[in-house]
Amino acid sequence: MDERVLLVEDDASIREVTTLGLERAGFRVTTAADGREGLARFRAAPPDLVVLDVMLPELDGLEVCREIRRESRVPILMLSAKADTVDVVVGLELGADDYVTKPFELPELVARVRAALRRASTDVPGTEVVSIGGLEIDPDGFRVLKDGREIALTATEFRLLLELASRPRQVFTRELLLERVWNYEYLGDSRLVDAAVQRLRAKIEDDPKEPKLLLTVRGVGYRVAAG
Amino acid sequence: MPERRVTPGRLRLRLTIAFILVAGLSAAALAAGSYLVVRENRLADSVERALDQSRFNLVLAGEVVGEGGIRGVVEALQRRGEFTTVASSGGDAFSSSLSIGQGDVPGELAGLVARGDLGHQRVTLRGAPYLVAGGRVPESELDVYFFFDEQELQDELDQLRTILLVGVALVALLAGIVGWILARRTLAPVARASEAARSLAEGLLETRIPVERADEFGAWAASFNEMADALQGKIVALSQAQSRERRFTSDVAHELRTPVTALVAEASLLAEQLESLPPDARRPAELLVADVGRLRVLVADLMEISRLDAGAEPARLEPVDLGALVSAVIRDRGADGQIRVDEEPVILESDRRRLERILGNLVGNALEHGGGEAAIRIVAKDGSAVVEVSDRGPGIPAEHLPHVFERFYKADPSRTSAGSGLGLAIARENACLLGGDLEAASEDGQGTRFTLRLPVTRSLHAGHGPDERPDDDAERPSEGGSR
């Protein structure tokens, strides 16, 4: 286990101790102290996962998140001081996979990093191609084709779609999806699900405002339209 | 604040009525007085004239009676006109008119005349007023009565009365109009002042009354404005002080966040290495880890309370299975099996993260102070969901109970606890934000019970999905969430 993690954090103490904790957990860590440096390091040597502070000098964490998403499907974990504010929601909508609230304990961070990496691993149960409404979901190749053209999904988006599509018509509660896709055993943030569904719709629906595939079941959760 | 609504214009009405009464009564008294005086004079005049004429007539009759008898007397007198003559002597009677006869002479007058006096009396014959004067012709047995028609006099008096009545009515009406206008003008500043006071009470602190007149109302308006100035100054100063204090809390929390984040991460790293530390260093390291945990809770609570004060975050509603959430909170605290849960299935529309904070605090309290015995009961009651968290701990003394939801309030200042002293304050503010409330009941030595009441009502602006699509043929989930 020597996955490479890029840690972008401006506070030297937090950066050092987090590096220590991640290294002890078996990761190879590269660090950057501001957004611009973080983006440069990301381009110089693409890591397996990015841990990104929201508040960064030079280039804001949200801006870095947007830039990385433009060129890569790498899992992104946001570090946020304010779990309840729009920062988290914006980060998730920009494509972050998960977030950890400051202050955090290292085992908590390590667990979230591992969960994100597990999602990103191409090792998916089942090899049957699932076809649904013009989409072909290929678990073996870890890719999705829409009308024959490949769509770039992040690992989290891919697993969310596969989970929903594997049992069409079944309604999934947000809690169940948090457990199955994000690996939160309990008390996950349902905004993770909502943001990911929104991102998925933007990629797979003809009209994301009038979804035909990924349906909201009012007051319960989500399901995929059968057929 | 009890709303005491007063119908405006009552005083104006009273003033107007008073005006009408004073002017109307004076005019009426004056009119009635003059009418009575005029009437008395006119009636007395009429009598005097009738008696003068009668005396003269009787003398004349005395000269005629010898020649023409009764008939001659009546005919002679009738030529003088203006009255109707009735003459009687013994059983014999004669009248100058067909409509008036001996029978119309009032008996009282007849008696007076029989005694030889000159008398008069007023009678009404067939609706017409008459003055009857009568007397005995000197040195004869002949009584002669003169019926003077007073219809014209009566008509005049009636006309006068009508004019006076109309006059009184006009005066009263005029008084009413003048009174209304005067009352309105006088009371206008009062109405304005009442309007101003109300808008001041509603929070428009810049409300002032224009000082227009140099009278009592002007002075009053000036005083009112002084009071409003003072009030506005006080409130502005107060809210500035409050927002300074809140900004300070928020700044402190934010400045503490970065070092505390580093401390928490460092402590968690240290915690894994406690076993391998030399014995001398191990105990201090353990204490350090525990104290960093307390500091973390304090900073997190400070940040949350300053966010609540800023009121920047609206509740985010989504369906929440209360029983499942309670179980998750208990599991998260590592207290599986330590708390008895007695639940009715309740699903409500609420903010999951805030509910989690409230329940986490209550569960944490029950575990810490509960004396090892805690229970949670979830019931749906009258459109509310009620969560009762009770324990069998030492309880909260009655004098401390009303203060447990105050910030930094600690029942026993010497007792150190893992809490920040903000937990219950935050829990209650979150409960209020969700449209519910949180209460505490306790008996010394009998344990404590916290009751959280929440509205179940589904809100239409539940923002739990980016795209809301009603989906009627949806199946219920076959797996029950995270339980």
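In chain B, take the contacts between residues at least 6 apart in sequence: 63% of them join residues at least 24 apart. Contact here means that the C-beta atoms of two residues, placed from the backbone, lie within 7 Å. For chain A, residues 24 or more positions apart account for 56% of the contacts with a separation of 6 or more.

A word on the source. This is a predicted model, where local features need pLDDT of at least 70, side-chain atom pairs count only at pLDDT 80 or more, and totals for chains, interfaces and linings use all residues. Residues are numbered from 1 along each chain as its sequence is written, while chains are lettered from A and ligands numbered from 1 in the order in which they are written.

Confidence next. The term pLDDT is the predictor's confidence in each residue, from 0 to 100. Chain A averages 86, and 96% of its residues score at least 70. Among the elements of chain A, strand S1 (residues 4-8) has the highest mean, 96. Strand S6 (residues 130-132) of chain A has the lowest, 81.

Now the make-up. Chain A has eight helices and twelve strands. Chain B also comes to eight helices and twelve strands. These are DSSP runs numbered from the N terminus: helices are H or I with at least four residues, strands are E with at least two. Of the 227 residues of chain A, 47% count as buried. Of the 483 residues of chain B, 28% do. The cut-offs: buried is 20 or more other C-beta atoms within 10 Å of a residue's own, exposed is 12 or fewer, partly exposed is in between, with C-beta atoms placed from the backbone.

On to helix H4 of chain B. H4(B) does bend, by about 40° at Arg257(B). Pro259(B) follows within four residues. The bend is the angle between axes fitted to the seven residues ending at a position and the seven starting there. The buried residues of H4(B) include Ala221(B), Ala253(B), Arg257(B) and Glu266(B). What covers the buried residues? The cover includes H1 (12-24) and H5 (106-120) of chain A, plus H3 (151-201) and H5 (279-310) of chain B.

Next, the cores. A nonpolar core is a set of buried Ala, Val, Leu, Ile, Met, Phe, Trp, Tyr and Cys residues joined through C-beta atoms within 7 Å. The largest has 74 residues. Among those with the most contacts inside it are Val50(A), Leu52(A), Ile76(A) and Leu161(A). Helix H8 (residues 191-204) of chain A gives the most to this core: seven residues. Another core lies apart from it, with 39 residues, among them Val329(B) and Ile358(B).

Look at the strands of chain B. Strand S4 (residues 128-136) is mostly covered, with seven of its nine residues buried. Seven bridges join S3(B) (residues 119-125) to S4(B), antiparallel. Strands pair if DSSP finds at least two bridges between them. Thr124(B) has Pro129(B) as its bridge partner in S4(B). S3(B) and S4(B) form a hairpin with two residues between them, and Arg126(B) in the turn has a positive phi of about 50°. On to S5(B) (residues 142-149): seven bridges join it to S4(B), again antiparallel. Gly135(B) stands opposite Val144(B). That hairpin has five residues between the strands, and Glu139(B) takes a positive phi near 55°.

Back to chain A. An open sheet of three strands has the order S10-S12-S11, with antiparallel pairing. S10 (172-173) and S11 (214-217) of chain A stand at the edges with a single partner strand each, so one side of each has no neighbour in the sheet.

Last, some backbone details. The peptide bond from Lys102(A) to Pro103(A) is cis, with omega near -5°. Pro103(A) lies in the loop between S5 (98-101) and H5 of chain A. Arg169(A) is not a glycine, yet it has a positive phi of about 75°. Arg169(A) counts as partly exposed because it has 13 C-beta neighbours inside 10 Å. Asn183(A), also not a glycine, has a positive phi of about 70°. Its place is the loop between H7 (174-182) and H8 of chain A.
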